[in-house]
Amino acid sequence: MPQRLPDLLIPKAYIGGEWRDAERRFAVTNPANGETLAEVPDLDGDDARDAIAAAEAAWPAWRKRAAKDRAALLRAWFEAIVAHRDALARLMTLEQGKPLAESLGEVNYGASFVEYYAEEAKRMAGETLPSHGVDKRILVFREPIGVVAAITPWNFPLAMITRKCAPALAAGCPVVIKPAEATPLTALALARLAHDAGLPAGVLNVVTAAQPAAIGEVLTSDPRVRKVSFTGSTAVGKKLLAQCAGTVKKAAMELGGNAPFIVFDDADLDAAVEGAIASKFRNSGQTCVCTNRLLVQAGVYDAFIDKLAKRVSELKVGDGLEEGVVQGPLINAGAVDKVQSHIRDALDKGARLICGGEPHALGGTFFQPTLIADVSDAMHVAREETFGPLAPVFRFERDEDAIAMANATEFGLAAYFYARDYRRIWHVMEGLEYGMVAVNEGILSTELAPFGGVKESGLGREGSRHGLDDFTELKYVCVGGL
Ligand code: NAD
């Protein structure tokens, strides 16, 4: 039976405070059963230019508004999101597939950025510095950067939008959002709530499209856009970064990862197993900070695999709306192919299948939570992000081997490790070339901390006060003749 969508959803693009339709529309489907949920406008480059024009027109008034006013509007948006949390979570599970409890968690996480930056909007401070002459003064203003283009992925349809838009709006920047083609409905519901909360026309715009390249071309080349904030794959990020070069646009890139999860001999193994489950199988393994490689020290290798296998085989797979389900479908058939190819490659090269390994009996894009052992760096999974429910275990002997293995990747987003010895903890924490390190923890995302990667995992940080600074420019003013 077709699922009823929440009333708050208007399945139209949102430009300059108005809902825009198009002759061409594209279907948004439920990955749990392939059903069409809604059709949304398939916009083109001209529509993207209209959205940029609307944002540009809204900018002078938005930046001039008292910080307290911007804060109050963000607070109203936050309250609207919280008031509609159940409807938003359901919508997200329908279009993305994640279990309802995870969708609710994402609504809370996503809303937390709006709340945080509503507060932080009031604290965007400049500075005065000691000057280079008795008759001069040095002032440093922090100013909004201008129109921001936000291009977001399907794996977190709500939080990746608020994590960019809330600090941008708080800083005084208008935004044009291009949500992922698989999950535009949550973005449009957020826009509806922002509209109802009283955000002025043009300050927030959503452009939907089935083929992102034409819109991306406009957003990265139009001189009115001053910053592109992208979350998605490293391959697309590199392309957009190159496109931004033409107008020397600032770019923030939250890209892919290849997260190691290291278990040392002295770790609390039960805690490590729970951490591994949370960091590996959340969102069916489809998060950028998901564990991609489990590195386990020889002394606890067999014991850890036994404990983890028991937990992995208990994970309930099914439609995210069903009670008790902890793993939903994968986003599409391509995602299933990738998981299968990583498993096949590893088994062909000598890895050992512990549990799972096959598409799930439910069919479609459901896949069995899978654990493989005796994995080596000759296998694809050592270097590539699987983005699915596959946990590959590597064995190591010495601490320095684990650090070297963890760093042997062009990525550097999140790393996890479990240990008790404090000297070891410091040594490993300092040795990991990652933007984020979790020690004896399986989940690290919070609005209070700077989220982001090093190496090919990206540029810039989201969350915390650093996330606000990324949407500002410094203006130095020298006042002379005093
Ligand atoms: P993707 O790169 O395919 O798509 C991301 C967004 O870019 C989508 O909106 C898509 O429509 C758009 N896009 C694709 N091609 C484009 C083009 N030529 N021009 C303009 N826009 C274009 O990524 P995805 O499959 O949606 O997301 C999964 C990837 O995102 C994974 O690699 C994951 O690690 C990464 N990710 C990173 C973070 C982070 O914070 N670092 C968070 C979530 C996801």
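Student: Which residues of H7 are buried?

Tutor: This is a predicted model, in which local features need pLDDT of at least 70, side-chain atom pairs count only at pLDDT 80 or more, and totals for chains, interfaces and linings use all residues. Residues are numbered from 1 along each chain as its sequence is written. Helices (H or I, at least four residues) and strands (E, at least two) are DSSP runs, numbered from the N terminus; a residue is buried if 20 or more other C-beta atoms, placed from the backbone, lie within 10 Å of its own. In H7 the buried residues are Ile 215, Gly 216, Val 218, Leu 219 and Thr 220.

Student: Against which elements do the buried residues of H7 pack?

Tutor: Contact requires C-beta atoms, placed from the backbone, within 7 Å. The partners of these buried H7 residues are helix H1 (45-64), strand S7 (147-151), strand S8 (175-178), strand S10 (225-231) and H8.

Student: Which residues come nearest to the ligand?

Tutor: A residue is near a molecule if its C-beta atom, placed from the backbone, lies within 6 Å of it. Helix H7 (212-221) and helix H8 (234-245) are the elements giving two or more residues to the shell around the ligand. Of the 29 residues around the ligand, those that come nearest are Pro 153, Gly 216, Gly 232, Glu 254 and Cys 288.

Student: Which domains each give at least three residues to the shell around the ligand?

Tutor: Domain bounds come from an automatic or database domain assignment. The shell draws at least three residues from each of domain 1 (13-255 + 457-478) and domain 2 (259-439).

Methods. Buried ≥ 20, exposed ≤ 12 C-beta atoms within 10 Å, placed from the backbone. Contact = placed C-beta atoms within 7 Å.
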